Amino acid sequence: MTVDLGLRRDFAGHEDWEGALISTELELFADYYQVHLFDDGSVTDLGDAWTDEAVLDNLAVDTDAMAVGTAVNVNVAVTVEVLEAAPEDDSAEFDHVVEASLQVSSGRLVVMGCTDYEPEAARFGIAAGPVRVRAVRSNLAEAERLGIDSDDDPATMERLRLQVWPAPHTDPVVIKRWKPLAA
């Protein structure tokens with residue numbers, strides 16, 4: 001799936017979102033409890049990026065690739081928003097919020113489940129260069145409680161919103177940390 005809309009505005013029913021260039025809804029299989037984002041053509045292996053800190057933060061980052069950890073190992077609802085600038089801070093509305101930088105030299109960002117077939121993964125046309133990604137996750141307690149059955153109903157699915165905008169490289173940061181029920 002290629003979502004290469006360039007600068008055409010596509011608000012996917014969200015006309016009130018200022019600065020959105022693209023907003024797309026996906027449902028991805030979060031195999032191994034993760035969703036991947038990377039520069040099209042990246043050969044980065046994120047295996048070594050999953051340090052103890054990355055596991056705690058639910059965010060593994062390398063130069064041109066990152067993985068966002070999930071609470072479940074099933075389908076999750078994913079919204080991808082390509083923005084012109086940094087979004088407002090709405091972290092109070094979500095369970096877990098992290099940000100990290102990514103180099104997207106090709107001008108195409110790939111978003112997929114960890115074991116999805118890459119040639120069929122969603123691709124988003126963005127300005128080539130460094131970008132910032134804010135990953136916000138919600139409905140985590142309900143998704144964790146139901147586990148493998150959480151994706152049977154959209155009301156119980158884990159939700160992940162990925163906001164991407166051009167920005168110079170800065171270190172990853174945890175804005176809001178979720179404490180799992182088992183912790």
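Strands β3 and β8 run antiparallel and are joined by 5 bridges. Two strands count as paired if DSSP finds at least two bridges between them. Strands are DSSP runs (E, at least two residues), numbered from the N terminus. This is a predicted model: local features need pLDDT of at least 70, side-chain atom pairs count only at pLDDT 80 or more, and totals for chains, interfaces and linings use all residues. Residues are numbered from 1 along each chain as its sequence is written, and side-chain values use heavy atoms, without hydrogens and water.

**Strand β8 and its partners**
- L37 has V111 in β8 as its bridge partner.
- Strand β8 (residues 108-113) is also joined to strand β9 (residues 122-125), by 4 bridges, and these two run antiparallel.
- V110 stands opposite R123 in β9.
- Of the 6 residues of β8, 5 are buried, so the strand is largely enclosed by the rest of the structure.
- Buried means under 20% relative accessible area (1.4 Å probe, protein chains only).

**Residue D31**
- D31 sits in the loop between β2 (20-29) and β3.
- Its relative accessibility is 15%, so D31 counts as buried.
- D31 and G113 are 82 residues apart in sequence, but their C-alpha atoms are 6.4 Å apart in space.
- Leaving aside neighbours within four places in sequence, D31 is in contact (heavy atoms within 4.5 Å) with N73, C114 and T115.

Definitions and conventions: Buried < 20%, exposed > 50% of the residue type's maximum accessible area, 1.4 Å probe, protein only.
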